[in-house]
Amino acid sequence: MKFNNIKLATIALLVSFLALNCSDDDDTGSMEPTGPNFTGIYTQEDQMGRPGINTVFVEMVDKNAFNRTIPSAQNAAFQTKFQTKLEALNPAHTDAAYTNALGFNSEQFTGVLATDVLTVSLTGTTTFFDGTNVLTGRTLADDVISVELLLIFGGPMGTDNPGLTNDNVDGNDKPFLSSFPYLASPW
Amino acid sequence: MKKLKILIGVTVIAIAGFFAIAADHIDAPAVMGGTSDIADLYAFQGENTNNIVLVATIQGLLSPGSTANAAFDENVLVEFNIDNDGDIIEDLVIQAIPRDGVMYFFGPFAPSQTGLNSSIFSSDGFNTVNITPYSTNAIIESNNEMRFFAGPRDDPFFFDFAQYSAIIDGTATSFNLPGSDTFEGTNVLSIVVELPKSMVGLGDSVNVWVESKRKQ
């Protein structure tokens, strides 16, 4: 045990000596920019693409796992579970012929949602939904919750379950800025 | 008064325990209420229509009284991931991490390693912006056609979460008219980056997601 401690101390000394040597090298023409030390490995804890996906569609037991599943692997891991959840929220979706306002049935809709990335247009309007464009981005003012409620509960015409398709909070509590940084000042 | 505050606190935790709060606020047990808890992601065309704006908000549900003490965690990297060829694998990342009151930005650059583990890229240099303290005007930095902001802002998210919870809980059958914004009067830590669209992709669209990653 004691020997190990001495060995560790020796290694630590050696490492610090080598590190000093490295920074000496930097003085003689390295391209490394000066700045704080950010070395090390950073490991994922949370992620999101579209609003509310983990919150609405993932069961509590899976929520941490969903945050640590890379988006390209999410469909295989979660689409079936999302479909079960959607059909529990709106039982009409158990009928494969029943669609939402986008024309997606339960399997198709959850097939889109299970890969949790936000598609953003580089050529035109960016909006979650503005009456014309669908899922081309997300602006600060987009009423994303009501869009999602409509797609979950509203059925093919958006008219099913009328009490559940809009939370009737249509905008933010402060006006947004038209210029950078766009978000309103804090309360 | 103190008792009331505690009571409210307990209630909030109890509610959060049963119903994770949208959009991504308090979404999962491991990150709930912690310094890596992502609240929201926004991506939209900028005031200059040649630009795209990326916004990540973290550590949501800050009351005005607690906002001055809220801080970005120096061990938490916030990473915007950009897939510009449709395979849902990040081709570019923009990394943001704080140190001593300054937010450091790296990228966009092609990461040497994709997925759950990241290292901070530095050989191409970085941009910085001083983190805006609470109750002061927004500090903005511009460089290479990019703009940067980091600091507390009003949480842009709005939702009658309380009524949604009641519906899911079975104690209500519909939303109210008008609804009540559960996020009214709350703040959130925000990171805002604006950059030319040409720096993220040359096609018609990109796929974007945001990750929080903790130093091991």
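I take buried to mean under 20% relative accessible area, exposed to mean over 50%, and partly exposed to mean in between (1.4 Å probe, protein chains only). On that scale A:Val134, at 33% relative accessibility, counts as partly exposed.

I note that this is a predicted model, in which local features need pLDDT of at least 70 and side-chain atom pairs count only at pLDDT 80 or more, while totals for chains, interfaces and linings use all residues. Residues are numbered from 1 along each chain as its sequence is written, chains are lettered from A and ligands numbered from 1 in the order in which they are written, and side-chain values use heavy atoms, with hydrogens and water left out.

**Chain A**

I looked up the secondary structure of chain A and found 6 helices and 2 strands, where helices (H or I, at least four residues) and strands (E, at least two) are DSSP runs numbered from the N terminus. Buried residues make up 44% of the 187 residues in this chain. I placed A:Val134 in the loop between strand 2 (118-121) and helix 6 (144-153).

**Interface**

I then turned to the two chains together, and found 101 residues of chain B in contact (heavy atoms within 4.5 Å) with 78 residues of chain A. The chains bury about 7200 Å² between them, 62% of it on carbon and sulfur atoms; buried area is the accessible area (1.4 Å probe) that two parts lose on being put together, summed over both.

Between chain B and chain A I find 2 salt bridges, each defined as a side-chain nitrogen of Lys or Arg within 4 Å of a carboxyl oxygen of Asp or Glu. Strand 11 (residues 205-215) of chain B gives the largest share of the side of chain B that touches chain A, 11 residues. One salt bridge joins the side chains of A:Arg138 and B:Asp40 at 2.5 Å, N to O.

Another joins B:Arg214 and A:Glu45 at 3.0 Å, N to O. This pair crosses from strand 11 of chain B to strand 1 (residues 42-48) of chain A. I read B:Arg214 as partly exposed, with a relative accessible area of 23%, whereas A:Glu45 is buried at 17%. A:Glu45, B:Asp73 and B:Arg214 are linked in a network of salt bridges.

**Within chains**

A:Glu59 lies in the loop between helix 2 (53-57) and helix 3 (63-67) and A:Lys85 in helix 4 (residues 71-89), so the pair ties together parts that are 26 residues apart in sequence.
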